[in-house]
Amino acid sequence: MKAVVCPRYGGPEVLEFRDLPMPEPAADEVRVRVIATSVTSGDSRMRAARFPAGIGWIVPAFLGFRGPRQPVLGTEIAGVVDAIGANVTRYSLGDAVMAFPGGKMGCHAEYRCVAETGPIANKPDGLSFAEAATLCFGGSTALHFLDVAAVLPGDRVLVVGASGAVGSALVQLARHRGAHVTAVCSARNADLVRNLGAEAVIDYETTDPRGDPGDYDVIFETVGSMTARDGLPLLRRRGRFVAIAAGLPDMLATIGAPGRGRRRVIAGPATEKPEYVQQLADLAAGGVLRPVVDGAYVFADIAAAHAYVDTGRKRGSVAILLDPAARDQDVSSRG
Ligand SMILES: NC(=O)c1ccc[n+]([C@@H]2O[C@H](COP(=O)([O-])OP(=O)(O)OC[C@H]3O[C@@H](n4cnc5c(N)ncnc54)[C@H](OP(=O)(O)O)[C@@H]3O)[C@@H](O)[C@H]2O)c1
């Protein structure tokens with residue numbers, strides 16, 4: 001099968017197409033013929049070894065010194081089951097599915113095996129393959145941090161970076177939980193985030209959100225432009241500052257007892273629970289979570305997709321189409 005390999009850290013030009021052995025499903029696995037995948041901020045960070053401030057020196061010990069230990073990037077897919085292991089009962093050949101191998105990656109390839117009890121669900125009928133393939137990276141991160149921050153109906157929530165993959169999911173899911181959402185984004189994305197459910201918008205290019213007297217219960221920070229030191233004073237008593245793009249100082253701020261007014265900092269990697277994939281499929285099928293697909297590139301142009309994601313300006317997610325038939329679906333195509 002064709003796969004995109006990242007043999008060493010660097011710019012999009014390091015990516016190479018290679019022929020890799022066809023994966024064979026284990027007894028409890030299905031093999032998915034990938035129709036669409038995505039290039040996420042996580043893929044871009046991994047390819048470029050661009051890790052959060054203060055931890056760049058330690059991360060390569062875990063992920064690989066010269067290049068990623070898992071050289072095939074890509075965290076999420078949608079496609080069709082084309083082979084099943086001997087013990088598989090939940091899926092059949094031809095089923096349309098979406099899956100989120102997440103940090104295990106290996107999705108920038110024509111085929112990917114996934115355990116039937118793992119992070120996989122049937123693709124909702126109303127979603128294109130590109131939409132289904134871009135739902136999980138931002139969506140599961142949002143579900144995790146909404147749970148950890150225990151967002152409740154009536155909470156006042158600020159989302160910094162509301163137009164990104166994580167932010168666009170947070171806006172919708174926080175609103176679904178009954179929170180009042182204020183979104184921080186640029187003017188060009190104000191209508192997008194309002195349509196996703198934000199009740200108030202702060203244009204970060206004209207107004208510094210660090211000076212906002214918001215009185216928030218929860219701040220979700222997905223950009224790195226607001227530190228815990230900036231954000232804690234904007235919180236109500238018992239408020240939570242959730243540093244999703246955290247550098248070392250915010251990670252260290254999670255240690256120890258809550259500070260003044262029992263305000264606390266939450267940071268660290270999101271837990272990738274397999275059940276999030278089904279939850280996200282259900283939320284999308286029910287119209288609660290709308291996938292935001294910035295555009296779609298064909299597989300051959302995946303390096304161009306990386307270059308675009310590297311800009312940090314994408315809206316929602318960037319899809320990669322492996323099956324030309326998927327181009328007919330309702331996403332605009334780039335490349
Ligand atoms: N902790 C975890 O487990 C975890 C999991 C997933 C992701 N992450 C991290 O979360 C971060 C967000 O990921 P993502 O995929 O959502 O990123 P993304 O999609 O690349 O975010 C891009 C968006 O950020 C907006 N933006 C840029 N600067 C901004 C600013 N100063 N204020 C407000 N918005 C701004 C851009 O809008 P404009 O073009 O209009 O500026 C763009 O729409 C990344 O750092 C990623 O590594 C962490």
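How are helix 1 and helix 10 oriented to each other: roughly parallel or roughly perpendicular? The model is predicted; local features need pLDDT of at least 70, side-chain atom pairs count only at pLDDT 80 or more, and totals for chains, interfaces and linings use all residues. Residues are numbered from 1 along each chain as its sequence is written.

Helix 1 (residues 41–48) and helix 10 (residues 302–310) pack at an angle of about 100°, with axes 9 Å apart. Axes are lines fitted to C-alpha atoms over the stretch in contact, and angles run from 0 to 180 degrees between N-to-C directions. The two helices are therefore roughly perpendicular (65 to 115 degrees; under 35 is roughly parallel, over 145 roughly antiparallel, the rest oblique). Ser41, Asp43, Ser44 and Arg47 of helix 1 meet His306, Val309 and Asp310 of helix 10. Contact requires C-beta atoms, placed from the backbone, within 7 Å.

The secondary structure comprises 10 helices and 15 strands. These are DSSP runs numbered from the N terminus (helices H or I, at least four residues; strands E, at least two).

The domain assignment gives domain 1 (2–135 + 291–328) and domain 2 (138–267); such bounds come from an automatic or database assignment. Their centres, taken over C-alpha atoms, are 27 Å apart. In the interface, 12 residues of domain 1 contact 13 residues of domain 2.

Buried residues make up 48% of the 335 residues (buried: 20 or more other C-beta atoms within 10 Å of its own; exposed: 12 or fewer; partly exposed: in between; C-beta atoms placed from the backbone). The C-alpha atoms fill a box of roughly 55 × 45 × 40 Å along the principal axes.

Methods:
Contact = placed C-beta atoms within 7 Å.
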